[in-house]
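Here's a quick tour of the model you have open. Grab a viewer and follow along.

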There are 2 protein chains.
Amino acid sequence: MAINTAQCACRWILSRQLKFKQAVRSCHLQTKQALGPEEYKQYEDESEFTFKFSELTTTLAEPNQLRSKPDVSELKFGQVFTDHMLKIFYHEALGGWQKPAIIPFENISLHPAAKVLHYAIELFEGLKAYRGVDGKIRVFRPDLNMNRMNLSAKGTGLPTFDGMELIKCMNRLIQVDQEWVPHSEASSLYIRPTLIGIDGTLGVAKSNSALLYTILCPVGAYFDKGNESVSLLADPTYTRAWPGGCGDRKMGSNYGPTIRVQSKAVRKGCQQVLWLYGEDHQITEVGTMNIFMLYVNEQGEKVLATPPLNGLILPGVTRQSIIELAQELGNMQIQQRTITMNEVVRLQQENRLLELFGSGTACVVSPISSIDYLGSSIQIPTTQHSKPLYETLRNRLSAIQYGHFEHPWAIPIE
Amino acid sequence: MAINTAQCACRWILSRQLKFKQAVRSCHLQTKQALGPEEYKQYEDESEFTFKFSELTTTLAEPNQLRSKPDVSELKFGQVFTDHMLKIFYHEALGGWQKPAIIPFENISLHPAAKVLHYAIELFEGLKAYRGVDGKIRVFRPDLNMNRMNLSAKGTGLPTFDGMELIKCMNRLIQVDQEWVPHSEASSLYIRPTLIGIDGTLGVAKSNSALLYTILCPVGAYFDKGNESVSLLADPTYTRAWPGGCGDRKMGSNYGPTIRVQSKAVRKGCQQVLWLYGEDHQITEVGTMNIFMLYVNEQGEKVLATPPLNGLILPGVTRQSIIELAQELGNMQIQQRTITMNEVVRLQQENRLLELFGSGTACVVSPISSIDYLGSSIQIPTTQHSKPLYETLRNRLSAIQYGHFEHPWAIPIE
């Protein structure tokens with residue numbers, strides 16, 4: 001059978017349609033950033049490049065597969081998981097994203113050469129669902145996590161998707177496991193969307209197959225109780241992220257290399273690492289948290305400072321929320337700028353350093369009590385004030401999350 | 001029943017014996033580096049801290065599980081795997097390393113929260129087995145890979161082991177799959193030992209369970225044929241490694257973040273990335289290879305230069321072998337030192353730059369033809385000499401690997 005030119009052209013286009021789609025999606029994401037989400041909305045039609053909530057299937061666990069729920073007062077972070085999970089495969093050879101499925105929680109079967117196991121082609125997000133005082137379950141600013149997840153995906157050559165579709169699928173998963181959302185304002189349900197490259201081929205290259213899955217775990221406090229404020233080791237020997245790297249993406253590769261430094265901190269009697277950068281020892285992040293400093297400037301005004309989004313730190317959802325809440329409070333200057341250890345030491349010596357605290361989804365807001373730096377221990381009076389800022393912010397966040405009043409950041413799941 | 005002091009002390013020791021063992025092993029590894037392997041041997045008794053080859057069990061694949069072997073002339077890198085694999089579990093709660101097992105090649109089943117899938121707690125090695133001209137199968141310098149693998153393990157909080165025991169287990173695996181070692185001097189059997197953290201718990205922390213496994217794949221040339229010399233993109237926007245990071249360990253986290261930059265290189269018509277570091281644009285690595293430069297100095301002498309082991313590059317086994325072979329050749333100076341792009345450009349302009357080539361287990365020795373740098377294309381005459389050094393070194397390495405003569409680097413498996 002002869003093939004005419006038109007048929008040939010059609011085949012060429014069909015065989016490349018996924019690449020075209022991905023190129024268009026990449027372009028969309030950049031446009032979205034440039035325009036802002038509001039203006040972008042009117043141009044949005046991304047359904048071609050994503051899995052769809054409308055195609056979600058649900059297979060419920062058998063009664064004998066259901067696990068017993070733990071005592072919420074005993075909950076440790078990330079140890080216990082709910083009865084179901086969400087799985088969505090991506091296979092370039094099959095046209096891209098497949099249909100999402102909620103299934104009973106089970107192990108994942110991977111080819112031993114799967115790229116995630118060798119080259120860390122992997123990324124994740126962390127967000128939480130809260131059982132409000134009105135009994136409704138709310139998720140905190142999931143749109144921000146979805147935007148960040150898509151940016152991380154681009155950084156690893158993994159496929160992007162429509163974040164709203166994933167939010168809807170995850171909400172359904174939470175509904176299925178809703179009895180796992182703790183009935184307690186000290187606990188919540190941690191949501192962990194994860195995207196991994198599963199091509200069973202060696203060689204450092206883009207993964208043509210991927211698995212996006214989400215697991216849920218009821219969680220209590222991230223750090224041990226009775227020891228709320230954390231001590232830090234600031235050792236300029238170690239660097240977490242650098243310009244031209246990926247320190248601002250939530251990729252697995254940012255975490256593995258931190259284990260040995262975290263172990264050193266614990267050996268030195270500290271709880272977390274304060275990551276420094278550069279010859280002037282800029283402070284960047286605390287363990288897996290962003291960091292804030294409240295101090296009094298030379299004019300006697302209160303200033304809340306936090307390192308800028310310069311590629312060296314993760315753009316935290318809690319970080320952004322704290323900045324916005326502090327702006328609403330209105331009684332302090334807010335600065336996103338470089339902070340050096342010299343400045344921390346000087347402010348502390350001059351009694352102008354009021355508070356240092358970390359922020360993150362897992363830990364929420366975590367006061368810092370001391371920094372072990374170049375052989376001396378810097379004591380921080382974070383918890384020694386009446387009505388400290390970190391507590392005000394934490395209470396405000398908590399009130400939003402647990403539905404003490406309606407707020408656009410805490411979105412009830414239907 | 002009353003417990004006396006002696007019983008109490010014994011329990012305390014027993015409950016901590018694994019930590020003691022690991023501390024002692026860590027100390028051993030440092031001593032081994034300080035003393036050198038020869039002197040260290042007399043003190044060696046590491047059997048307590050490792051799995052043992054003597055406990056290896058083998059389960060052969062059923063005849064219907066055996067796969068057909070590919071045509072060696074068609075072999076691409078890392079696409080086809082042999083019939084068996086080696087698996088060794090580590091569970092701190094069970095006393096550490098379990099018995100090694102060779103089993104039919106199969107998928108790996110992981111808890112969805114396994115640390116390897118979220119925090120890149122993973123590392124690997126790459127080495128090769130060659131079918132010599134005398135029919136014997138030889139492995140190239142496996143001891144160096146084992147030393148590096150243990151150093152990587154320490155960097156990720158994963159358990160260390162006796163490298164000699166793993167070599168023996170891997171040799172047995174190669175024997176079982178010996179028909180997969182290509183009968184060709186253009187091909188070899190690539191060996192991929194991999195160590196992953198498999199604790200099914202969220203939270204960035206040491207993994208108390210791990211899986212060490214090894215898979216094998218017959219491989220041809222790493223790069224496509226007919227295009228032996230590679231073109232590079234040198235873009236100072238991107239940085240692979242940083243002082244205080246882990247760029248000198250073979251950890252998964254060094255590879256995931258490179259995918260996007262590699263894609264950019266390909267979009268710009270180049271094959272690989274030349275990774276630069278610092279304001280003076282030091283050259284560090286090429287894609288996944290070390291790099292060498294042969295030039296004529298101002299005194300008219302030939303010099304072979306390569307970046308130093310300063311933490312920013314992987315300490316390659318092929319790199320070390322090339323340095324040692326070049327020393328034997330004796331007709332050039334050899335320098336391990338910082339090389340900047342300015343120097344490369346100047347040497348090329350003054351016609352004193354003779355060769356640039358990459359080295360690695362997968363690619364062996366790979367000549368470089370051009371560098372795309374700050375908008376201009378630097379042409380390198382690597383392949384335009386008669387009897388170029390890269391070819392001499394590659395032929396020499398090949399002769400050792402394929403047993404053209406006996407050499408201590410190429411160790412026949414029994």
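Let's start with a helix: 11 of the 15 residues of α5(A) are buried, so α5(A) is largely enclosed by the rest of the structure. Keep in mind throughout that this is a predicted model. Helix α5(A) covers residues 142–156 and reaches 21 Å from its first C-alpha to its last, close to the 21 Å expected at 1.5 Å a residue. Its buried residues include Pro142(A), Leu144(A), Asn145(A), Met146(A) and Met149(A). Arg148(A) and Ser152(A) are also on the buried list for α5(A), and both turn up again below as contacts of Lys250(A).

**The annotated lysine**

Which residue carries the UniProt annotation "modified residue: N6-(pyridoxal phosphate)lysine"? That's Lys250(A), and the annotation comes from an unreviewed entry. Lys250(A) lies in the loop of chain A between β11 (230–234) and α7 (259–267). Its relative accessibility is 11%, so Lys250(A) counts as buried, the cut-off being under 20%. If you skip its neighbours within four places in sequence, Lys250(A) is in contact with Leu123(A), Phe124(A), Glu125(A), Gly126(A), Arg148(A), Ser152(A), Tyr255(A) and Leu314(A).

Over in chain B, Asp235(B) lies in the loop between β11 (230–234) and α7 (259–267). Asp235(B) is buried too, with a relative accessible area of 14%. The side chain of Asp235(B) makes a polar contact with the side chain of Lys264(B) at 2.9 Å. Not counting residues up to four places away in sequence, Asp235(B) touches Lys264(B), Leu274(B) and Leu276(B).

Strand β2(A), residues 84–91, is mostly covered, with six of its eight residues buried. Its antiparallel partners include β10(A) (residues 209–219), joined to β2(A) by six bridges, and there Tyr90(A) stands opposite Ala210(A). Four bridges join β2(A) to β4(A), residues 101–104, where Met85(A) has Ile103(A) as its bridge partner.

Now move to β8(A), residues 137–140. Which way do its side chains go? Ile137(A) and Val139(A) point one way, Arg138(A) and Phe140(A) the other, and all are buried. Strand β8(A) pairs with β7(A) (residues 127–131) in the antiparallel sense over three bridges, with Ala129(A) opposite Val139(A). These two strands form a hairpin with five residues between them, and Gly135(A) in the turn has a positive phi of about 85 degrees. Strand β8(A) is also joined to β20(A), residues 410–412, by three bridges in an antiparallel arrangement. In that pairing, Arg138(A) sits opposite Pro412(A).

**Backbone angles to check**

Two residues in chain A have a positive phi although neither is a glycine, namely Ala120(A) and Val364(A). Ala120(A) sits in the loop between α4 (115–119) and β6 (122–124), while Val364(A) is part of strand β18 (residues 364–373). With relative accessibility at 0%, Ala120(A) counts as buried; Val364(A), at 19%, counts as buried as well. Here are the positive phi values side by side:

| Residue | Phi |
|---|---|
| Ala120(A) | about 55 degrees |
| Val364(A) | about 65 degrees |
| Gly135(A) | about 85 degrees |

**How the two chains relate**

Finally, the assembly. Chain A can be laid on chain B by a turn of 180 degrees and a shift of 0.0 Å along the axis, giving an RMSD of 0.0 Å. The two copies are thus related as by a two-fold rotation axis. What about the surface through which the copies meet? Of the interface residues of chain A, 98% are also interface residues in chain B, so the copies meet through the same surface.

Technical notes
Residues numbered from 1 in each chain as written. Chains lettered and ligands numbered in written order. Predicted model: local features only at pLDDT ≥ 70, side-chain atom pairs only at ≥ 80, totals over all residues. Heavy atoms only, no water. UniProt positions renumbered as here; feature names shortened; annotations may be inferred. Buried < 20%, exposed > 50% of the residue type's maximum accessible area, 1.4 Å probe, protein only. Contact = heavy atoms within 4.5 Å. Pairing = 2+ DSSP bridges. Polar contact = N/O pair within 3.5 Å; in protein donor to acceptor, adjacent residues only side chain to side chain. Least-squares fit on C-alpha atoms with pLDDT ≥ 70 in both. Expected span 1.5 Å × (residues − 1).
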